[in-house]
Amino acid sequence: MKWNKVMAWAGPLAVVVFIAAVAGFGAQLQGYDQMLHPVSLLGARGIPGGTAFSLLGFVVPGVLAAIVMLDLILRMPASAPRPLRVGGQMLLLGAIAFAAMGLFPLDVDDIENRASQFHASAWLLWLLAFTAAAIALRFAAGKAAGWRTLSTLTIVCALWMVCSAFLFEIAMPVAMAQRLAFLGWLLWLLAAARLAPARS
């Protein structure tokens, strides 16, 4: 029962920890502007408190999100169609990639070095894995009726995230577009456990 409660609250807790870390560390960093500077800058090497933010802003929310994804996978019946299982695995991969952003922070002294490239790759993997999961869940929804509501939410959030990452920056600062992409994922985390079918 206690483990079930942990799984039920893992999503909302991930959202709270991420938002609190971004707001708290952003307020403490002199000259940091939430409207102009990327979230990843808070955890960059050479930034005061960067290691702590990487842990609280990316690793902890990523691990909590992975718990949510694992819970969803465990809810899938043994007879679940293959796209549904693939979707669950992609969701889990996306959560791991989110945590990896904290393990591979940016380097403010050399934005093109390998560490910074690993961070950018983790961010792209997070986005692509969630998008792939949305497509897989949508294909599975026809054969797994109980997952239709969650699949619809996932498609909507994935579209929002992709548009935020690649289109919205045309009309707004890149930092704001990035935050909108994070927002789509956070909203999904808040609702996923409640929209998915209960374990059989």
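I began with Arg 75 and Asp 71, which both lie in helix 2, four residues apart, about one turn of the helix. Helices here are DSSP runs of H or I with at least four residues, numbered from the N terminus. I recalled that an α-helix has 3.6 residues a turn, so residues three or four places apart point the same way.

I noted that this is a predicted model, in which local features need pLDDT of at least 70 and side-chain atom pairs count only at pLDDT 80 or more, while totals for chains, interfaces and linings use all residues. Residues are numbered from 1 along each chain as its sequence is written, and side-chain values use heavy atoms, with hydrogens and water left out.

**Salt bridge.** I found the side chains of Arg 75 and Asp 71 joined in a salt bridge at 2.9 Å, N to O. The rule asks for a side-chain nitrogen of Lys or Arg within 4 Å of a carboxyl oxygen of Asp or Glu, and by it the count comes to one salt bridge. I then looked up burial, where buried means under 20% relative accessible area, exposed over 50%, and partly exposed in between (1.4 Å probe, protein chains only). Arg 75 counts as buried at 13%, and Asp 71 is buried at 4%.

**Core.** I looked up the largest nonpolar core, which has 55 residues. Such a core is a set of buried Ala, Val, Leu, Ile, Met, Phe, Trp, Tyr and Cys residues joined through side-chain atoms within 4.5 Å. Met 69, Trp 126, Phe 182, Trp 185, Trp 188 and Leu 189 have the most contacts inside it. The elements giving two or more residues to this core are helix 1 (2-28), helix 2 (50-75), helix 3 (82-103), helix 4 (114-141), helix 5 (148-166) and helix 6 (174-195). Not counting residues up to four places away in sequence, Met 69 touches Leu 91, Leu 92, Ala 95, Trp 185, Trp 188 and Leu 189; contact means heavy atoms within 4.5 Å.

**Helix 3.** I recorded 22 residues for helix 3 and a reach of 31 Å from first C-alpha to last, close to the 32 Å expected at 1.5 Å a residue. The expected span is 1.5 Å times one less than the number of residues. Its buried residues include Leu 84, Leu 91, Ala 95 and Phe 98.

**Pro 173.** I located Pro 173 in the loop between helix 5 and helix 6, partly exposed at 38% relative accessibility. Leaving aside neighbours within four places in sequence, Pro 173 is in contact with Met 35 and Leu 36.
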